[in-house]
Amino acid sequence: MSTAKSGGWWTIAGVVIVIYSFFPLAWMISLAFKPPSDIVSGSPQFLPTTWTFDNFVTIFSDSLFTRALINSIGIALVATVLSVVIAMFAAYAIARLEFRGKKVLLSLALGIAMFPQAALVGPLFGMWRSVGIYDTWIGLIIPYMTFALPLSIWTMSAFFRQIPWEMEHAAQVDGATQWQAFRKVIVPLAAPGVFTTVILTFFFCWNDFLFSISLTSTNSARTVPAALAFFQGASYFESAVPYVMAASVIVTIPVVILVLAFQRRIVAGLTSGAVKG
Amino acid sequence: MAEITIHNIVKQYGDGYPAVNDVSLDIADGELMILVGPSGCGKSTLLRMIVGLEDITSGDMIIGGNRVNDKAPRERNLAMVFQNYALYPHLTVFENIAFPLRLAGKLSDDEIRKKVTDAAKTLELHEHLERKPANLSGGQRQRVAMGRAIVRQAAAFLFDAPLSNLDAKLRGQMRTEILRLQRQLGVTTVYVTHDQTEAMTLGDRVAVLKKGVLQQVASPREFYDQPVNLFVAGFIGSPPMNFVPATVRNNQLELPFLTIPMRPEWETITASGKVYIAGIRPGSFEDASLVDSDKVNRGVTFDVDIDVTEWLGNEQYAFVSYEAPAEITTQLERLASDLDSEQLRTQICVEVDPLSRVRNGDNATLWLDTSRLHLFDPQTGGNLTRTAGSERREPVTTG
């Protein structure tokens with residue numbers, strides 16, 4: 001009886017939390033489909049009076065948005081791929097090899113991840129300008145990697161550590177070189193860890209506003225979150241809100257796709273059956 | 001196929017502790033050699049040095065005439081079955097077995113398919129080839145691990161306690177299976193186990209290790225009848241050999257519960273007035289009333305109070321407790337800790353005929369076959385009654 005009752009309470013609490021967290025999202029979607037006249041209407045309502053795709057058409061015809069979208073996709077992809085590949089090797093070394101300064105390295109990595117990003121923006125701005133990578137892709141990719149790597153290394157080394165040593169030993173006895181054992185046995189087994197890291201890193205780069213707004217000045221490297229701040233409506237007399245919301249909906253789509261595509265891969269228990277538990 | 005020669009092999013860890021200490025062992029081509037000992041005796045370390053997963057501190061490891069000390073595992077062409085199987089969970093059974101062949105990269109897909117199918121047939125795995133290891137039972141996983149070993153022409157098979165994760169019934173079946181397979185393929189095999197039943201039933205020869213030191217290499221039968229020291233005598237046999245103090249006095253051997261007239265072969269090895277440790281297998285005793293009259297003269301009869309009896313259907317054990325002098329007790333305690341067991345009380349275990357009517361608390365007349373009694377030196381633990389020249393090796397069967 002009591003479990004059924006408490007189960008009911010959990011369901012109610014769950015529904016409340018879901019409504020609470022989905023409301024802004026629903027509002028964003030609703031705004032994106034509203035004609036600009038709805039925004040300034042005297043009798044505001046949640047759903048659009050007429051559903052329209054005009055906002056999307058407008059933002060896609062605006063080079064400010066399309067250029068920012070290309071920047072966002074390019075920078076996030078490059079930063080993610082680079083940091084995941086580097087983190088994979090680093091995490092493998094940390095999980096498997098004994099070397100001097102391993103503890104220092106790990107705590108340093110954690111320290112970097114903890115470092116307040118805002119404190120770095122000023123110095124980076126100065127450095128990037130003198131080095132000449134201010135307002136370029138590489139100027140954003142480097143800070144993104146710096147902040148994504150420590151977390152990626154920590155996550156992946158945890159996954160590598162779960163893989164029994166015997167898997168590699170078995171592969172070596174079966175005739176594999178260390179590299180073959182890594183590529184054919186360890187990486188496939190660590191796949192859930194790799195996908196988790198890919199998603200976390202991609203989200204971090206995709207959602208970043210601080211670095212993007214501070215280290216760019218033109219369209220050449222500005223990403224969508226920063227570009228949204230510069231958005232104006234079709235004319236000065238119209239509210240920019242529907243367009244901003246339409247753009248927000250567009251940038252949310254890759255995130256949703258990524259999660260849906262990879263959620264099946266991020267299942268624990270892929271290693272079950274390797275060894276007798 | 002190859003013979004394996006282990007020559008003065010030492011494995012020393014960073015803290016200077018020798019896990020394997022000066023072990024020399026010749027394993028003939030096609031022979032099944034068992035490495036056995038209590039946990040921590042270095043048997044697995046020795047196996048891992050053969051396969052190349054542990055560095056060798058000093059000594060020579062020679063496989064098929066080549067010194068392999070500095071060779072990587074993949075260059076040694078050995079196949080190993082791990083204790084926890086170490087199957088590749090992301091690959092099907094077929095790909096697991098094919099893995100070493102694909103790495104070698106010399107065979108076409110058709111040849112690989114044929115070899116894997118043949119190996120799977122031998123191990124009765126052909127119905128499960130497309131399944132993943134996670135969906136297999138313990139015994140099936142074990143056979144996949146063996147399939148991965150037999151699919152290629154390995155110079156030798158190495159087994160690291162492969163049956164220890166299986167339940168008792170399956171273990172018995174797989175033991176026979178491994179033996180059958182080894183005989184059929186005739187591949188040199190080194191088999192590590194802590195289970196003495198496996199050691200006794202599987203091996204052409206058995207090597208017993210204690211704290212990294214090789215104690216004795218012999219056929220299972222010789223191990224049982226002619227153990228080289230207290231440790232080996234206590235390790236092999238279930239229930240274990242009884243150890244009791246034995247004092248030589250007035251040309252007699254005085255045990256706590258009986259006195260035995262001196263046998264001629266003991267006279268040269270013992271000194272009057274000294275204390276020895278007598279080792280007697282439970283099976284050397286019998287209920288005196290059930291011993292054939294022509295056998296009685298081979299031993300002595302004596303009366304004791306029986307503490308407890310255990311009747312198991314086809315065998316029956318009786319326990320007799322006795323008082324032992326302090327120096328013998330400490331020696332026996334040390335032996336017990338070496339053997340990973342605990343010396344609970346000084347008692348002897350007697351195997352009597354299941355038909356015997358001896359019951360708890362009875363005063364019974366027992367018979368002891370004195371020709372099967374061993375005398376051990378209490379200081380060194382060496383077997384004084386061991387007959388020299390019995391190191392004859394049992395013929396190696398290849399086939």
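The expected span of a helix is 1.5 Å times one less than its number of residues. Helices (H or I, at least four residues) and strands (E, at least two) are DSSP runs, numbered from the N terminus. This is a predicted model, in which local features need pLDDT of at least 70 and side-chain atom pairs count only at pLDDT 80 or more, while totals for chains, interfaces and linings use all residues. Residues are numbered from 1 along each chain as its sequence is written, and chains are lettered from A and ligands numbered from 1 in the order in which they are written.

**Helix α10 of chain A**
- Helix α10 (residues 191-207) of chain A has 17 residues and should span 24 Å at 1.5 Å a residue, which agrees with the 24 Å between its end C-alpha atoms.
- The buried residues of α10(A) include A:Gly193, A:Thr197, A:Phe202 and A:Trp206; buried means that 20 or more other C-beta atoms, placed from the backbone, lie within 10 Å of the residue's own.
- Among the elements that cover these buried residues are α4 (63-96), α7 (137-162) and α13 (241-262) of chain A.

**Contact between chains A and B**
- Chain B gives 25 residues to the contact and chain A gives 22 residues, where two residues are in contact if their C-beta atoms, placed from the backbone, lie within 7 Å.
- On the side of chain B that touches chain A, two or more residues come from each of β6 (78-81), α2 (93-104) and α4 (138-150) of chain B.
- The largest share of that side, four residues, belongs to α2(B).
- By type, the side of chain B that touches chain A has 18 nonpolar, four polar and three charged residues; Ala, Val, Leu, Ile, Met, Phe, Trp, Tyr, Cys and Pro count as nonpolar, Asp, Glu, Lys and Arg as charged, and the others, Gly among them, as polar.

**Domains of chain B**
- Chain B consists of domain 1 (4-230) and domain 2 (233-376), with bounds from an automatic or database domain assignment.
- Ten residues of domain 1 of chain B and twelve residues of domain 2 of chain B make up the contact between them.

**Strand β11 of chain B**
- Six of the eight residues of strand β11 (residues 242-249) of chain B are buried.
- β11(B) pairs in the antiparallel sense with strand β14 (residues 275-280) of chain B over six bridges; strands pair if DSSP finds at least two bridges between them.
- B:Thr247 stands opposite B:Val275 in β14(B) and opposite B:Glu254 in β12(B).

Conventions: Buried ≥ 20, exposed ≤ 12 C-beta atoms within 10 Å, placed from the backbone.
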